[in-house]
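User: Here is a model I would like to go through term by term. Please tie each label to its cut-off.

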Amino acid sequence: MLQRKQTLWLLLAFTSAILTFFFPFYSGDKYVREHIFPNGEFVGDTNFWVFVLTLLTILCTGAAIGLFKNRKLQFRISLLALLFSALVIVFYFKGIKIHFSKGHLLLSSVFAFVIPVFIILALRGIRHDEKLVKSLNKLR
């Protein structure tokens, strides 16, 4: 299971998604009921949709790691995780636009951006394995 490259990529995506709950994505002046609070942080669990989509990304990548014997289903679930991770980034930026007046992305925002990259690399590995199995079946 861990010998396959895509499993390692999915594991990296899984851990990066978990880390987004602990490290802030954005820091700046936050609006709260017509008041501005300086040094507000935007973490993955502060917005409902970011929280739910990140949780779905974690569940999908975890399930895809466990489905190493069924490559077709692993590919589909990984595609779903890719969709969820892209939506997480969209909701991060929507939340920033709504709740912050000024600020900056933090270095820990890298965790949110590398999740889709890791999932894409895992999808490439799954597709490569599927092609390899098909070519071996043609030889029989």
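This is a predicted model: local features need pLDDT of at least 70, side-chain atom pairs count only at pLDDT 80 or more; totals for chains, interfaces and linings use all residues.

Analyst: Residues are numbered from 1 along each chain as its sequence is written, and side-chain values use heavy atoms, with hydrogens and water left out.

User: What is the order of the elements from the N terminus on?

Analyst: The order is α-β-β-α-α-β-α, made up of four helices and three strands.

User: Why does Asn-47 count as buried?

Analyst: Buried means under 20% relative accessible area, exposed over 50%, and partly exposed in between, with a 1.4 Å probe and protein chains only. Asn-47 has 16% relative accessibility, so it counts as buried. Across the protein, 39% of the 140 residues carry that label.

User: Where does Asn-47 lie, and what does its side chain reach?

Analyst: Asn-47 is in the loop between strand 2 (35–42) and helix 2. Its side chain reaches the backbone nitrogen of Trp-49 at 3.0 Å. Contact means heavy atoms within 4.5 Å; beyond its neighbours within four places in sequence, Asn-47 has contacts with Phe-42, Phe-91 and Gly-95.

User: Which residues does Phe-42 touch, not counting those up to four places away in sequence?

Analyst: Among them are Asn-47, Phe-25, Tyr-26, Phe-91 and Tyr-92.

User: What makes a set of residues a nonpolar core?

Analyst: The members must be buried Ala, Val, Leu, Ile, Met, Phe, Trp, Tyr or Cys residues, joined through side-chain atoms within 4.5 Å. The largest such core here has 27 residues, and Phe-25, Tyr-26, Phe-42, Tyr-92 and Ile-119 have the most contacts inside it. Helix 1 (5–19), helix 2 (48–66), helix 3 (71–99) and helix 4 (110–139) each give two or more residues. Helix 3 gives the most, with seven residues.

User: How do you know that helix 3 is close to its expected span?

Analyst: The expected span is 1.5 Å times one less than the number of residues. For the 29 residues of helix 3 the expected value is 42 Å, and the distance from first to last C-alpha is 41 Å, so by the definition the two are close. Its buried residues include Ile-77, Leu-82, Val-88 and Tyr-92.

Methods: A polar contact is a pair of N or O atoms within 3.5 Å; within protein, one must be able to donate a hydrogen and the other to accept it, and residues adjacent in sequence count only if both atoms are side-chain atoms.
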